Amino acid sequence: MKRMIRIIGTIALVWFGALSLAHAGVEPQAIAPDAPDTYTVRKGDTLWGIAKQFLRDPWRWPDLWQMNRAQIRNPHLIYPGQILVFDRAAGVLRAAKRVGPVDEKLSPQVRHEPIQDAIPSIPLAAIEPFLVRPLVIDQKTLENSGRIIGLEEGRWIAGTGDAAFAVGVPEDARLVQLFRPTEPLYARDGKTLIGYEARDLGTAVVEPNDDPRLGTVLRLKQTNEEVRAGDALIASQKEMLVNFVPHAPDEGVDARIVRLYRSSLEAGRLDVVLLDQGEQQGLEPGHVLALWRIRPPVTDEERDTKVFLPEERYGVAFVFRVFERMSYALVMETEKPVRVGDAARTP
């Protein structure tokens, strides 16, 4: 898989006595009944998958590692080959350098590994397109984006290898992403605009220009469909290094699913959904939200009245990219099909 972006999902390596403890571990009822005493991290593992080895609720990983808030925001990395030792009595997981008895004395170790080998939080292949392509655009980004104003020789459309003329190209940009705003996205009230669907058109190289008073010439490097005058552009997303650990929001979150990213009316495990809340509501990458189905009322024919039913919790989603007023989340666990309008809340 091409790595234009590396999302390094990580955990803090909490050594015996090395860090002050923020939690008392996890209570016995939270531990998976078949949790192993030790686990060797393997290539292809994810943080979520490792957590499921030990916990009924994988999003409670920070408690298992006794992580405080600072460690969640700035964690260390784990790599294939590391040994995780589970102290069942204390409900705590620790990292060892090598295989040995559970009561073996451990000490802090420094490990040097290429950062791309670190274990990710969630499957990278499922989320990569949503990190390197402008599939949704918020209002602020759209207002600050550049614009194609014409094509060479008066053409109406252009493709790979053609030139295009633009204004508003970000300073020092050498590669730009081209997109076309399409359908507006609204919050649950159907009136509040939170952004736009964006059609990914491809990329273009910025030709050198020493005079900022002149327009910019772009050379279309790769196109997914025809480029036209009026299409928008932003600087190509730089390689992102996002360290996040699955954890619940500190505050209550009550978002709604407003878009599914598959060609059907329902989504399932490892599908991406768009939520109608973002930074303004306190969401951040790594937040885990419970999925709830709002059951429609049932009519009591005998009394000719509507009976309202309790909502149903049926799954869990992992927030991995956050905009000002919307967020991408990956469905990690679900017992039912996911639908637009379902709620995503603090678990």
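**Entry 1: salt bridges**

I started with Asp231, which forms a salt bridge with Arg180; their closest N and O atoms are 2.7 Å apart. For the cut-off, I took a salt bridge as a side-chain nitrogen of Lys or Arg within 4 Å of a carboxyl oxygen of Asp or Glu. The model is predicted, so I noted that local features need pLDDT of at least 70 and side-chain atom pairs count only at pLDDT 80 or more, while totals for chains, interfaces and linings use all residues. Residues are numbered from 1 along each chain as its sequence is written, and side-chain values use heavy atoms, with hydrogens and water left out.

Where do Asp231 and Arg180 lie? Asp231 is in the loop between strand E9 (216–223) and strand E10 (232–235), and Arg180 is in strand E7 (residues 175–186), so this pair ties together parts that are 51 residues apart in sequence. I use helices (H or I, at least four residues) and strands (E, at least two) as DSSP runs, numbered from the N terminus.

Are Asp231 and Arg180 buried or exposed? Both Asp231 and Arg180 are buried. My scale here is relative accessible area: buried is under 20%, exposed is over 50%, and partly exposed is in between (1.4 Å probe, protein chains only).

Next I looked up Glu225, which forms a salt bridge with Arg199, the closest N and O atoms being 3.6 Å apart. Glu225 lies in the loop between E9 and E10, and Arg199 in strand E8 (residues 193–206), so the pair ties together parts that are 26 residues apart in sequence. Glu225 is partly exposed at 25% relative accessibility, and Arg199 is partly exposed at 38%.

I then followed Asp254 to Arg345: a salt bridge again, with the closest N and O atoms 3.0 Å apart. This pair links distant parts of the chain, with Asp254 in strand E11 and Arg345 in strand E18 (residues 343–345), 91 residues apart. Asp254 is partly exposed, with a relative accessible area of 31%, whereas Arg345 counts as buried at 18%. Both belong to one network, in which salt bridges that share partners join Arg188, Asp254, Arg256, Asp276, Glu311 and Arg345.

How many salt bridges does the structure hold? I noted 22.

**Entry 2: aromatic rings**

My rule: rings of Phe, Tyr and Trp (its six-membered ring) pair if their centres lie within 6.5 Å; planes under 30 degrees apart count as stacked, over 60 as edge-to-face and the rest as tilted. By this rule I get 8 aromatic pairs. One of them is Phe130 with Tyr261, which is edge-to-face at 5.2 Å centre to centre, with 75° between the planes. Phe130 is buried, with a relative accessible area of 10%, and Tyr261 is partly exposed, at 21%.

I also checked Phe320 and Tyr328: their ring centres are 5.8 Å apart and their planes at 10°, so the pair is stacked. Phe320 is buried at 3% relative accessibility, and Tyr328 is buried at 0%. Phe130, Tyr261, Phe320 and Tyr328 form one aromatic cluster together with Phe323.

One charge over a ring went into the notes too: the charged end of Arg293 sits over the ring of Tyr314, 4.7 Å from its centre. The criterion is NZ of Lys or CZ of Arg within 6 Å of the ring centre and within 35 degrees of the ring normal.

**Entry 3: helix H1**

Which residues of helix H1 (residues 47–54) are buried? I listed Leu47, Trp48, Ile50, Ala51 and Phe54. They cover an arc of only 160° around the axis, which puts them on the same side of H1. That arc is taken over the directions from the helix axis to the C-beta atoms.

**Entry 4: strand pairing**

I counted two strands as paired if DSSP finds at least two bridges between them. In the order E1-E2-E3, 3 strands form an open sheet with antiparallel pairing. Strand E1 (38–40) and strand E3 (92–96) stand at the edges with a single partner strand each, so one side of each is left without a neighbour in the sheet. Strand E2 (residues 83–87) and E3 pair over 5 bridges in the antiparallel sense, and Leu84 has Ala95 in E3 as its bridge partner.

Back at E10, I found strand E5 (residues 146–151) paired with E10 in the antiparallel sense over 2 bridges. Arg147 has Ala232 in E10 as its bridge partner. E7 and E10 also run antiparallel, joined by 4 bridges, and Leu178 stands opposite Leu233 in E10.
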